[in-house]
Amino acid sequence: MPTRPRREPSLWSEAGRRAAAEHAPLAERLRPRRLDELVGLAALLAPGAPLRQEVQSRRLASLLLWGPPGSGKTTLARVLASEAGYEFTALSAVSSGVDDVRSALLAADETGARGTRTLLFVDEIHRFHKGQQDALLHAVEEGRVTLVGATTENPAFHVNAALLSRCRLLRLPALGPQDLRQLLSRALGDAERGLGGTPLQLLPEAGEVLVAQAGGDARRLLNQLELAAQLAQGAGRTTIEADDARAARGEAVPAHDKDGDAHYDLLSALHKSLRGSDPDAAAYWIQRLLVAGEDPRVVARRLVRMASEDVGLADPRALGIALDALAAVEFLGLPEGDAALVQAAIYLALAPRSDAVYRASNAARDAVEEHGALPVPNDLRNAPTPLARALGHGRGYVLPHDVPDAVTAQEHLPEALAGARFYEPGARGAEPELARRLAEIRRRRAIARGAAPESPAGAAPAPPAGPTGTSG
């Protein structure tokens, strides 16, 4: 059976306040009831801001609230409904289906018939599949509800384009240290809903520990403050000390969704730290991933990729060292294998830089996509059978070992790409020597073809060209 939508107008009633004060956790008791109580959203709620004007006109537009946990998405939706005079109905995309959406819309129709509009809040809206999002789409278009969806994931990837185009997207940042300190002060000073009715005092060092541990999450901050207060009271003290704050955290496990945006953000931070020659940052991001439970092979694969993409032949050993790290973590596992990953990362961070291999790979792929499956020249084809030889396969091929310097006049690309250049060595690490060797090979090949050499032996290669089929 469908889950009955949750309506919460009683949150601001006297009975609702008494029940919350008696039973709810501190984070719930202190949930803001007015726009002016919200912290960290000054830009969105400034006088004259669109959201503030909508509340004052009591006519809300549909919104998508994108932000990390504890940034105030649910609270903002509740306060908007309250101050604009809307009925607040909540669904969770984790436990709700299409039938639940339809039930909520029917309830909104009944409420609308009595002259009250409904704000339908959908938590974790990114978890709704296409059919569920489509069910919301028509209701938003028809004005049956004002939709406020909350998500921790990038809506561009997880919300239907049609629904996204009908909602205004607001990005809520993680709370900053000053915002968190303001919440601590409010919690300690509020006698009705907070800890102001107790003799407890929060030592400054303990407050800074709580702020650091919260990671920008208001709910986490208040939950840990409440537990630290209980620990202090249990020890017969009236002061909350730093050790109480640390004990309230428990075992720290950084938030990490292996399939979400944060996963790719961490990998991106690792790769960019390596590319930026910063071994300290690279070691940090590796441990961030591993402590959060990431598969060490995923980290190793990123090192392997970086070894080719950003070091390449400037240090030919880099790829082997990255592959050795992959083998080490597969052999050792964790925690023993983490040092091998950090060792490889430090080597890669300090290696000379070249993206010449990466550019060559991309240029070659571009040529394939532009020209399609060009036929293999006859002289390069395999000739294992009499028929193949009769068709001319392999005819005219010159074995490099049979000529001086092992350089022939042979063209190894299809005719449409003859003379194209994809790899042009860089100027760092081992690549200047490769550039010298490549220039010499090209000079000798030009002589073998009876053409004037392009440049004298040892000259630096020309800079990469731009058109497809070259290294640009």
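Reader: Let's start with Asp-310: does this residue count as buried or exposed?

Author: First, a caution: this is a predicted model, where local features need pLDDT of at least 70 and side-chain atom pairs count only at pLDDT 80 or more, while totals for chains, interfaces and linings use all residues. Residues are numbered from 1 along each chain as its sequence is written, and side-chain values use heavy atoms, with hydrogens and water left out. Buried means under 20% relative accessible area, exposed means over 50%, and partly exposed is in between (1.4 Å probe, protein chains only). Asp-310 has 8% relative accessibility, so the label is buried.

Reader: OK, and which residue does the Asp-310 side chain meet in a salt bridge?

Author: A salt bridge here needs a side-chain nitrogen of Lys or Arg within 4 Å of a carboxyl oxygen of Asp or Glu. For Asp-310 the N to O distance is 2.9 Å, and the partner is Arg-275. The pair links distant parts of the chain, 35 residues apart: Asp-310 is in helix 16, and in helix 14 (residues 261-275) sits Arg-275.

Reader: How far apart are the end C-alpha atoms of helix 16?

Author: Helices are DSSP runs of H or I with at least four residues, strands are E runs of at least two, and both are numbered from the N terminus. The expected span of a helix is 1.5 Å times one less than its number of residues. Helix 16 has 16 residues (296-311), so it should span 22 Å. The model agrees with that, putting the ends at 21 Å.

Reader: Which glycine comes just after helix 11?

Author: In helix 11 (residues 204-214), the buried residues include Ala-206, Val-209 and Leu-210. The buried residues of this helix pack against several elements, among them helix 10 (177-189) and helix 13 (242-249). Just after helix 11, a positive phi of about 60° belongs to Gly-215.

Reader: Leaving aside neighbours within four places in sequence, which residues does Gln-233 contact?

Author: Gln-233 lies in helix 12 (residues 218-234) and is partly exposed, with a relative accessible area of 43%. Its C-alpha atom is 8.2 Å from that of Leu-200, which is 33 residues away along the chain. With contact meaning heavy atoms within 4.5 Å, the residues are Thr-198 and Leu-200.

Reader: Back to charges: where in the chain is the Asp-109 that pairs with Arg-144?

Author: Side chains of opposite charge can pair when their charged atoms come close. Arg-144 and Asp-109 meet in a salt bridge at 2.8 Å, N to O. The two are 35 residues apart: Arg-144 is in the loop between helix 7 (130-142) and strand 5 (146-151), and Asp-109 is in helix 6 (residues 98-113).
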